[in-house]
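Have a look at the model, then read on.

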Amino acid sequence: MITQIMIGWLATFVTGGLIWFFLERIDPLRDIKYAEQFLKEFGAAVISIFFTIILAYLYGNLIITLIPSSFIEWLSQFGVLSLPLWVRLILAYLIKDFCFYVIHWCMHYNKYLWQTHLWHHSIQQLWWLAAQRTSFTSRFLFQVGFLAFPLLAIPPEVMFYLGLLSALHENWTHSNAKWRSWMGMLEWILVTPRYHSLHHTRVGAYNLGSYFTIFDRLFGTYLDPESINPDEQTFGINDQPITWQKVIGI
C-alpha cells in the first residue's frame, strides 16, 4: 500500500513540475515568487504524504468494518452491482462529490468543523503545489466520499488510478492558470482553476464542489467566475503563523 501511495505522490510531483508549473510559467494568471513559496508548500506536501499513509490504513480498516460482505450481497439484490463498470464509476463519482460538497459546506458554516479547514484557507498564493496544504482532520473527512467506490465494487486497481486522477485534478484547480473562455464551457459540468479560485477569495462560501459544479448550482452556492475580476482577487483568510493545531485541524 505504501508503495502505491509513494508512486502516486511521485506521479503527482512529476506531472506538477512538468505540466502545471510549466503552464504557470508560460501563461500565468499572477506573478508569483515561487522561490519564496516553494519550501513552505513543499513542507506542507510532505506532511500531507504522511497523513495520506495513515489514512490509507485507517480507511482500509473502515472499509472492512463499515462495508461487510453481507451488505454488498444485500446491495447486489437491487442490480446496482451488475451495472457496467463505467456506470458504477459515474455513480461513485457523483456520490463522492455530493459527500464532499456536504462536508465542505459544513466546514464553512460550523465553527468547530471550520478549524479542520482553516489551514487550507490560509493559502495566500494559489499555485499547483499549494493544493496539498490540508489538515489531517480535513483529509479524513473528505475521504468519506471515497467509500462509494468499494461500496459499488470498483476494483482496487481502478481506485488507485482514480485517486491519482483526483490528485492531478486538485493540483490543476489550485494552479496559477490564466482564465480562458474554454474553462467557462467546462464549468457547466466540471470544476476548473478559475471556478475554484473564487472559493479561496474573501467573497464567501461559494463554489464548494470538488469535481462537479452541479451541486453548487442546485443548492445556491454557485458564483459565476465571469462576475469577478481576477485582478481584484485576494486570497487567504489570515496571515498568522502555522501551528500544530492548524496542521492537525483542531
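## Before we start

A quick word on labels: helices are DSSP runs of H or I with at least four residues, numbered from the N terminus. Keep in mind that this is a predicted model.

## The nonpolar cores

Let's begin on the inside. In soluble globular proteins, nonpolar side chains tend to be buried together. Here, the largest nonpolar core is made of 13 residues. Y93, F149, I154 and L162 have the most contacts inside this core. At least two of its residues come from each of α4 (85–109) and α7 (148–151), and α4 gives the most, with three residues.

So who does I154 touch? Leaving aside residues up to four places away in sequence, I154 is in contact with L85, R88, L89, F149, M159 and L162. There is also a second, separate core, this one with 12 residues, including A45, I123, W172 and F235.

## Two loop residues with positive phi

A153 sits in the loop between α7 and α8 (156–173). Its phi is near 60 degrees, a positive value in a residue other than glycine. Is A153 buried or partly exposed? Buried would need under 20% relative accessible area; A153 has 36% relative accessibility, so A153 counts as partly exposed.

N207 is not a glycine either, yet N207 has a positive phi of about 50 degrees. You'll find N207 in the loop between α10 (193–197) and α11 (214–219). N207 counts as buried because its relative accessibility is 0%.

Terms used. Residues are numbered from 1 along each chain as its sequence is written. This is a predicted model: local features need pLDDT of at least 70, side-chain atom pairs count only at pLDDT 80 or more; totals for chains, interfaces and linings use all residues. Side-chain values use heavy atoms; hydrogens and water are left out. A nonpolar core is a set of buried Ala, Val, Leu, Ile, Met, Phe, Trp, Tyr and Cys residues joined through side-chain atoms within 4.5 Å. Buried means under 20% relative accessible area, exposed over 50%, partly exposed in between (1.4 Å probe, protein chains only). Contact means heavy atoms within 4.5 Å.
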